[in-house]
Amino acid sequence: MLLADEFFLIAWDTAGSGTPLLHVQATSLGLAGALLAELVLYERVTVHGARVEVTDPSPVQDPLAYSVLKLMATTPEHADVRTWLAYLAQNTVDAVANRLVQTRLVVREESRSLLMRKGVRYIATDYAKCAWPSARVETLLTNGRPMAPADMALVAITDATGLLESILSDPQGRRNARRYLGTVMATIPGSLRDLAGHVHAAVGDAVLSYRS
Amino acid sequence: MTAAPAGVRSGADAISSALAADRLGIPDVIYFVMSAAAPLTVVAGVVTTAYAVTGITGLPVAFIAVGAVLALFSVGYVTMARHMVNAGAFYAYVARGLGRPAGVAAAWVALVAYNALQVGLYGALGAAALPLLDQWLGVHPAWWIVALVAWALVGILGMMRVEVNGTILAVLLTTEIAVILLFDAADLIHPAGGTVALDALSPSALSSSGVGALLVIAVLGFVGFESSVVFSEESRDPRRTVPIATFLSVAIIAALYAVSSWAMTVVTGPDKIVDTARKDGAETIFNLAHAHLGGTVVDIARVLFVTSVFAAMISFHNTTARYIFALGRERVLPPVFGRTGVRTGAPKAGSVSQTVLGLVVIVLYAVLGLDPLVQLFFYGGTLGGFGVLLLIAATSIAVLVFFARNQTGENAWRRVIAPALATICLLAIVYLAVDNFATLLGVKPSSPLRWLLPGSYLVAIAVGLMWALVLRGANADVYRRIGLGAKASSSQTVPAVAPPSRGTHSRTATTARRGRRH
């Protein structure tokens, strides 16, 4: 499953209420980071410090990832990771949710509450598959299993958005997980680590500049 | 962020357009800054209590003087802000200009100051709400009951990450200012003895004894003006919007409070304002206005006083919680403070700790039977105001040192002249403030409070310095990121300016509000 899709399934209670588990700013930024990470994993872009660069503009299989890649390739003047996170975050929730809906893994339900506000819920069609990303992250971390770069990216972004605490339910497991997370962050490829750092900073800045 | 500058936009630049959609203009930024000012709280609460406690009438000219000094300070401040990764908090500037230990010390000073300001408001709410409760419901609860109700509300809203809605704040602010201006007009049209007395505006007040007290009180009115730089990433044309908005905010605040505090002396006569304020306390301006404007206007004003205090309480609570959050992100405070609530994104630990502090103080004051208006609100406010004064002075020095050490291409007025003038004035004000602290508190010069309260900042500075040195020894990586705020987690480097050489190769930015309310 694609990285951003997995993050969505972690951040959204599709197997339960269909509502988000994480506040929307962090979810959007996490998904934006995940989309960029997908491109890193496809070896199309690299992240160095504060800058992101397209190294290979050739097409990738997923249409959403490719549309992001095309946009990045045609606007090389915007090389700042934070700019891309901010821009992508404006639409990621809907875009990635659509991707999941098209795989038929979730269905979208719109509800009209008494207050006339349109509520959107995403309900899982296959509970096991939708709960798998969270379960996998928890198992990998608490048992110290070796991880592929994609898994490392998922773990890093989940931690960067503050969601990791709620996935790790068992206190003893949490201690092991935190310790192993340190190891993961030391061995994760540089692009992905910098990316996760920027997501963490962006989420923090969103807290600091929150306005209603 | 390196989005394309506002004037240059190609048709294909969807990114800049998309990000520019919500950009703020000068009026928006001024509104955000002023919404932290809570003008009616200052005019009805601070100014009247200041007259009563200090017994001096030079407050109007003090507002003008402090406004001028802060305008001078702002020149260097907004210029340095352009080179800052974490522009919103004074301690970041101190860290960048004077080194990380000084920065951490400044962070601790800020923690004490902002908490003092927030907690002090619980004392004002009683004075604001009790007359209304008496008038409408005929009940006379103790001040601390009102305070505890407000405390609970603020705590819950803080945990839910509820801010007072921007539109509501704008409406409140506009109405407050309208009411204040109405009161001022009524006062000035009906001067005591028929002639408008300019005594309170006389500059000779600046050379009288006790002027230090007035200057600290005046600084209190300007708290929050520094938050304009927080909006530079979100404003349409940061190089123009932020400086202009900052100067206009300072000017508006100075004018509003100077005129209001002066108008009070005109309607009573300058020789009688102190006695009136001592007799009526926070009721002063309402009683004065009642004679000329009638009951309805005054009732509206009283309600606005309550909402003003309450909104300021929420605002300062959120500021302090966010401050604690930013410090937690940088590990200046334990990392647990840097976490957010998962569902709300609220800076939970920061919010809770601030709430607990509020409870402790309210209970303490209630149990000891201390006076809420003078000893909680006024003392808390002036303690906080003095702390902010220290921060501004330290930042001013940091600005000077920063520009002295770094090639920035800014002109001499912004780099040297204005900051130097501002620093001299600010240091003079600090000296006068410490010298006149007894007058500020309205206590005898021999009273221990006169040293204890300002001395608490010495303790904060000492704690900060020690903590920084501990961090430097224990965790060099964390130490290097001090001053970056939330960006401490990324490897964001500062664009044009080379870090002052410390002999280490550091790829992270060299160190440097509140995050303010927004």
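The largest nonpolar core of this predicted model holds 260 residues. Such a core is a set of buried Ala, Val, Leu, Ile, Met, Phe, Trp, Tyr and Cys residues joined through C-beta atoms within 7 Å. Those with the most contacts inside it are Ala106(B), Val109(B), Ala110(B), Leu125(B) and Leu389(B). Helix α6 of chain B (residues 100–137) supplies the largest share of this core, 23 residues. Helices are DSSP runs (H or I, at least four residues), as are strands (E, at least two), numbered from the N terminus. Ala110(B) touches Ala89(B), Phe90(B), Tyr91(B), Tyr323(B) and Leu391(B), not counting residues up to four places away in sequence. Contact requires C-beta atoms, placed from the backbone, within 7 Å.

Residues are numbered from 1 along each chain as its sequence is written, while chains are lettered from A and ligands numbered from 1 in the order in which they are written. The model being predicted, local features need pLDDT of at least 70 and side-chain atom pairs count only at pLDDT 80 or more, whereas totals for chains, interfaces and linings use all residues.

Thr355(B) lies in helix α13 of chain B (residues 348–368). Thr355(B) is buried, because 21 other C-beta atoms lie within 10 Å. The cut-off for buried is 20 or more such atoms, with exposed at 12 or fewer and partly exposed in between; C-beta atoms are placed from the backbone. Thr355(B) touches Gly155(B) and Gly158(B), residues up to four places away in sequence not being counted.

Chain A has 10 helices and 4 strands. Of its 212 residues, 47% count as buried.

Conventions: Two residues are in contact if their C-beta atoms, placed from the backbone, lie within 7 Å.
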